[in-house]
Amino acid sequence: MVQPTTSPRQNTVRQPTADRTRQTVPRPGRDNGAAGKLRDKGPSLDWGAALDRWFSDQRSTLTLGVLLMLVAVGLFAAFISYLTTGQADQSVVGSAFSQPLAESGQETRNWAGLVGAFIAHVFVFRWFGVGALTLPIIMFLAGYKLALRRELLPLSRATTGLLFLAVWSSLLLGYIVLVTDSAETSSVWCGGIGYEFNVSLYSLFGWGNLAFIAFIFFFFVIYFFDVRNIKIPSLSIPDFSGSTGPGSSKRPDATLQSYEESELEDEDEVLVDKAPAPVSNEFVADEPDEEPVVATKPPEPEPFTESTAPETPAPVQEAMPKPTGVTLTIKNRESVTDEVGADQGELSATPSPTFEPDPFQEDDLVALHGLYDPTLDLPQYQYPVNELLTDYQNNRKAQVSEDELTANKEKIESTLRNFGIEIDSIQASIGPTVTLYEIVPAKGVRISKIKSLEDDIALNLSALGIRIIAPMPGMGTIGIEVPNKNREMVSMRSVIMSDVFSSSKFDLPIVLGKTISNEIYVADLAKMPHLLMAGATGQGKSVGLNVLLTSLIYKKHPSQLKLVLVDPKKVELTLFNKLERHFLAKLPDAEEPIITDTKKVVNTLNSLCIEMDNRYNLLKDAGCRNLKEYNAKFVKRRLNPDKGHRFLPYIVLIIDELADLMMTAGKEVEQPIARLAQLARAIGIHLVVATQRPSVNVITGLIKANFPARLSFKVTSKIDSRTILDAGGAEQLVGMGDMLLSSNSDIIRLQCPFVDTNEIEDLCDFVGNQRGYDDAYVLPEFVGDDGGQSDDKDIDLDNRDPMFDEAARLIVIHQQGSTSLIQRKLKLGYNRAGRLIDQLEAAKIVGSFEGSKARDVLVQDLQMLEEILKRLKGE
Ligand SMILES: Nc1ncnc2c1ncn2[C@@H]1O[C@H](COP(=O)(O)OP(=O)(O)OP(=O)(O)O)[C@@H](O)[C@H]1O
């Protein structure tokens, strides 16, 4: 969990046990580090790497591609030529090795000379006949892909089809040549394979050969076009573009169409939906009539509520990578490797049947569109720059003079001696806030004795905040922490700019400050997986929360992270309001993205539980154990958005002041918090809960048990310290961001970085002023026991939305009562689409809201609908 900086005392920061275990336990089916290292040493990898490098150099692929295309054209010419001149050339080819080559060359009539005649003789005459023409075509397609890094036709699929055609046409023509007894003149058309095949079997089966050849064709078509899912009439047109429907086009996205259609075949009405193709923003160059993609305009964001999930746009619908495509793909590949490489919590659910698209098509999708890149939602988004944070001039190292050190050492020694404790040695290391004196006691000294003298030593050193660590975990020493007279302020800017943070590959990196040995401590919230924070008023809790949020905002793209901010004190988190359209999530009907009202907090927590359940269902359907695996699969376009799959951002819930909530809502907040804390780690929902009052009726056993990572600023009593950390010590901290972090039973003292409100303001302005989503990320609707939000749905049908009729027709045509369908097709924001669906419900066109399912459509056809619309208009 820790990324240590280089420091002489590096070994003092211990890796949490869970992480250590994780490194040593190999995971089935995964590439583990050890295996990687072994391979690294093998010489074969160097060749592989060299080859990879060669292929990733565009000059190499361009050269090879063009060469392949030229050879393909030459071969094509040679084969065509052989079909007419072959017979004459046969003797030349036959005698090529018995007479001088130059002479034979002159005699050949093949357009591609003796070499052409020779190759054509093998491929056309000996093997495939006219079917051999498919081979240069395959070669040309491969060359084209290499040279231009795009496909004329999906390569793998076209290769399969063309190879089949080569063999099969040879068989069929062989049969014809045999039964017409025209081998003398026409055997060049069928080639040796087809002719020999038919000769061997004809005496046994007679015309049965033809039936067998026809059956082979049928068999191939069944598998190649996956006949389960396509309409039979389209089979008559073998189209290697991969498109199978009657309306198949030569567009390069034909594969995509086939992908979508094959998945949706069973639902005719959905196919209707697909006909006008929601592929509105792709392949602009080919389809100028379609809605153009403006490079600067991000695609319409989809608020991902469960009810909208089935309508989430296919990842394949994102703008086709333009000339930058290569870069994007490479970037994505890296990010996927990163993602798959690390590990996370696991989901024990048994994977249910998974959507496994045809591997050809899946390859084709990635080949055509590249990996799915969620950040293309906001392609122009700029990560915050370091200059937004203040460079505190006085941010010097802690000044502890030699005199101060020696004086403290002597005092410690003499104090201990006064109590009859002898020591072997004493060593000091200066931290930002405190200096640690490490003592090696003389043999026979009882550690508990030193610990019991804590107060006396503190008195003698006349310093506040002495903390005695006896023994120092993992070392045979005793630590005494003495606060520095002049402490160092750890600025946010310095930690954000540090290598350890900026190069951190954690999923949710949060920089918590500096350790006693001046190492910058970065933790991964995703692995914590939740954090409980306590601290008396004025000790740095709000600054701590700001630090945590700042870390996340600096590292994550808005498409990868959503924040749910709960602030019953109403003032602490207001600044983050500006991030509404980038990082914040809220309930569908919420006006403000930052939740301050207790009732709304309860609804939000329950809504997050629904989101959690929805995510578990998605993961189960995808056969993934955690969010990372799921997103990695989605990025590789292996999950079908039409089945509700979507890229899932991390959600971080921050509650600033749990005490208020527990006082007013008690169990109503405790239970969903405990449930989320218990179950939400695998699906990427993480909680940070802060409180001023770490008493047992606020941090109840239920909550505490589910928050293994706890952070305490200075608290007022030892009891409070015990409540939060299960150990004393937090009452002796010195304030101003001095804190103790307890995770996996280790306690570490840290100095929290400082970030001021005006820095947060600048940061939020920087992000908030950029183009964002249309709205905050919408959480699933939650209707409480009292009917929740339904009471404010007094719908006045005389005051219908101008788009009402259009929305109604859309819903009836698609027979799908979904807000996001309206949003997407009519290009409306979520709120307006939500109002429309309420009006449609009031007009009894759609049924009532049923949790995560789409609403029922109560009107069967357009005719009925027109009647209803007329009635509404009073006609
Ligand atoms: N990491 C830090 N480094 C230096 N000074 C700090 C740090 N954190 C807090 N302080 C100082 O302590 C003051 C109070 O901090 P903060 O507002 O975070 O306290 P708090 O615990 O949130 O209080 P409350 O609960 O009343 O809101 C800050 O204004 C700042 O001067």
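**Exercises on a predicted model**

The UniProt record, in an unreviewed entry, places the feature "transmembrane region" at residues 62-83, 118-141, 162-180 and 200-225; such positions follow the numbering used here, feature names are shortened, and annotations may be inferred rather than shown by experiment. Residues are numbered from 1 along each chain as its sequence is written. The model is predicted: local features need pLDDT of at least 70, side-chain atom pairs count only at pLDDT 80 or more, and totals for chains, interfaces and linings use all residues.

**Exercise 1.** Describe residues 62-83.

*Solution.* Helices (H or I, at least four residues) and strands (E, at least two) are DSSP runs, numbered from the N terminus. Residues 62-83 are 100% helix and 0% strand. Their end C-alpha atoms are 32 Å apart.

**Exercise 2.** Determine the order of the four strands in the open sheet.

*Solution.* Strands pair if DSSP finds at least two bridges between them. The order is 1-2-4-3, with antiparallel pairing. Strand 1 (423-430) and strand 3 (467-469) are the edges, each pairing on one side only. Three bridges join strand 3 to strand 4, and I469 stands opposite G479 in strand 4.

**Exercise 3.** Is E481 buried or exposed?

*Solution.* First, locate E481: strand 4 (residues 478-483) contains this residue. Next, apply the cut-offs: a residue is buried if 20 or more other C-beta atoms lie within 10 Å of its own, exposed if 12 or fewer, and partly exposed in between, with C-beta atoms placed from the backbone. E481 is buried because 23 other C-beta atoms lie within 10 Å. Finally, I516 is 35 residues from E481 in sequence, and their C-alpha atoms are 9.0 Å apart.
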